[in-house]
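Please look over the model below.

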Amino acid sequence: MIEQSTAHGSAGLLALAFTLSACIGNLGGGGGDGSSPGDDTGGSSSSGGTGSMGPGEALACDANVVDPGPSPMRLLSREQYLNTVRDLAGDVPGLEAALGSANEASAFGLLQPDVTQVELEHFQAAADAIAAAIVGDPTALGEVAPCEGGAEPRECARQLVVTFGARAYRAPITDAADIERHLQLFSAGAETSYEHGIELLLRGMLQSPRFLYRVEIGTSEKVGDRAVKLSPYEVAARLSYTLWGTLPDARLNEAIADGSLTSKEGVAAQLGWMLEDERGKKLVNRFLGSWTHLNAVTGVVKDENAFPEWQSRSFRESLRGQADAFFEHVLRNEGGKLSALFTSTTVFYNKDLGGYYGVTGDDSFQALERTDGTASGLLTLPALLAVQAKPAESSPIYRGKFVREALLCQQLPAPPANIPKPPEVDPSSSTRERLSQHEVDPGCVACHQLMDPIGFGFESYDALGRYRELDGGRPVDASGRVIATRDMNGEFVGVAELGAMLSGSAEVEECVARQWFRFAIARFEQDMDGCSMKSLLETFRAAGQDLNALPRAVVATDAFLYRRVIDTHTQEMP
């Protein structure tokens with residue numbers, strides 16, 4: 001069964017009701033940040049929202065009510081699918097090609113789209129490839145479907161359904177009729193051979209919704225009128241897919257068996273060793289890369305005449321590796337502090353990126369301190385600046401929109417249909433000059449005064465994130481202004497000053513908590529999530545804004561520990 005949920009948009013910003021009425025949308029309410037840069041008004045944002053609230057308004061928490069909010073059935077992401085198959089069956093030749101390109105559903109709260117016919121065909125091709133690889137390798141077949149000499153083949157197939165199925169479906173298969181339905185596939189294929197019967201059975205299991213989706217029903221144990229406990233199997237799957245992006249391992253299965261996952265304290269205890277696992281150590285780093293859109297950098301297109309180095313995949317991968325090295329530095333060497341994320345003067349370079357800083361590097365990343373004001377943590381990462389730019393020029397619009405939506409959790413609406421064509425690039429004029437029309441055109445000013453003045457502060461960095469002092473032959477003007485926030489309105493010059501403003505903002509602190517919730521829970525926060533958000537934020541704040549505290553903060557929330565009672569708002573899964 002699958003719960004159906006609808007996210008809601010937010011209301012506007014009263015203080016700017018007249019000047020911003022055409023642009024507010026759910027500004028301050030916290031929509032998604034998952035969109036890539038769009039057109040000159042910043043592109044369209046994904047649907048979903050957080051209920052009706054303005055800047056500075058917190059979600060209400062009634063401590064007497066336990067409400068975990070919606071628990072939609074989640075389709076495995078491409079990465080989760082590949083990790084799961086690897087842990088079930090080892091490396092499968094040709095699997096990535098059969099699976100097709102990525103379609104990352106539910107990232108940062110985005111509403112999960114329907115599975116298309118093309119995607120269904122990819123899942124079928126992938127299942128075929130996995131099943132063929134297993135039955136074509138006697139060793140793999142013996143591990144997945146052991147069948148001793150003289151054993152009845154159908155009993156061997158039954159054992160596969162029970163053992164392999166429990167891992168693939170992340171829950172035991174105990175119903176006799178359910179097992180029999182699976183065995184009908186085996187019987188149909190076994191008319192040809194035992195191996196073909198196993199292959200057909202595996203194909204069916206690996207295309208089942210129970211494999212492709214993370215299915216949760218919950219238990220009959222209520223923790224209030226609106227919530228029930230999850231089964232230990234469901235808790236284990238939540239932990240393993242949130243922390244590792246794959247199915248539970250043997251140790252986590254032991255915790256299921258010994259009852260360690262039946263209490264909040266037990267779940268917290270499991271979290272500790274899971275974070276020490278190599279996969280767990282990468283969790284917050286993975287969050288930071290997704291939150292800041294850096295996963296898109298290798299696919300970004302740049303003008304090959306203006307930026308020939310960009311055409312090298314090694315160069316683009318170095319930019320992503322540099323970002324990972326910086327995140328690792330903040331998390332391990334700067335106490336995971338949110339302020340360091342925005343203000344750190346440490347940069348990393350290798351042989352591809354030494355030119356950014358006037359040094360020569362080798363194959364490994366090395367740290368370098370930049371105390372000249374040109375480095376300000378995340379904000380001056382070349383990968384981020386390149387993603388938030390156009391193919392041949394910088395983009396104050398993209399960069400301002402990024403700060404507004406990703407760092408302040410204020411969602412801007414989609415651009416109007418009648419936006420004028422952007423001005424042609426004139427080599428003798430600066431980007432700032434070309435965007436001056438936004439300040440006087442009444443059809444532009446409402447939205448663009450929220451983005452452009454912030455983005456202008458990034459103008460010391462070109463479309464590849466390289467520092468510059470001239471643009472269009474003129475000295476760069478990196479002065480900027482922030483409006484329509486709760487606690488960081490004001491003027492600034494350059495990214496370093498903007499970073500200091502962001503690092504001291506309670507609105508940014510709360511946005512980080514929201515973004516983590518969306519990443520870990522895979523949906524937007526909504527009105528009923530007030531207590532979960534309050535608990536998460538308080539833990540983060542008590543830890544001194546240490547980003548490393550976010551995993552422990554979220555697993556203690558109602559949204560993670562429980563699910564809603566299945567009622568009239570649900571429908572049977574086909």
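**Around Thr346**

Not counting residues up to four places away in sequence, Thr346 touches Phe326, His329, Glu334, Ala367, Leu368 and Glu369, where contact means heavy atoms within 4.5 Å. This is a predicted model, in which local features need pLDDT of at least 70, side-chain atom pairs count only at pLDDT 80 or more, and totals for chains, interfaces and linings use all residues. Residues are numbered from 1 along each chain as its sequence is written, and side-chain values use heavy atoms, with hydrogens and water left out.

Thr346 lies in strand S6 (residues 346-349); strands (E, at least two residues) and helices (H or I, at least four) are DSSP runs numbered from the N terminus. Thr346 counts as buried because its relative accessibility is 7%, and buried means under 20% relative accessible area (1.4 Å probe, protein chains only).

Helix H9 (residues 232-243) and helix H11 (residues 264-276) have axes that come within 11 Å and cross at roughly 30°; axes are lines fitted to C-alpha atoms, for helices over the stretch in contact, and angles run from 0 to 180 degrees between N-to-C directions. H9 is therefore roughly parallel to H11, a term for angles under 35 degrees. At this pairing, Val235, Leu239, Ser240 and Leu243 in H9 meet Val267, Gln270, Leu271, Met274 and Leu275 in H11.

The largest nonpolar core has 93 residues, and Leu239, Leu407 and Leu547 have the most contacts inside it. Such a core is a set of buried Ala, Val, Leu, Ile, Met, Phe, Trp, Tyr and Cys residues joined through side-chain atoms within 4.5 Å. Apart from it lies another core, of 44 residues, including Leu88 and Tyr194.

Note on methods: Buried < 20%, exposed > 50% of the residue type's maximum accessible area, 1.4 Å probe, protein only. Parallel < 35°, antiparallel > 145°, perpendicular 65-115°, else oblique.
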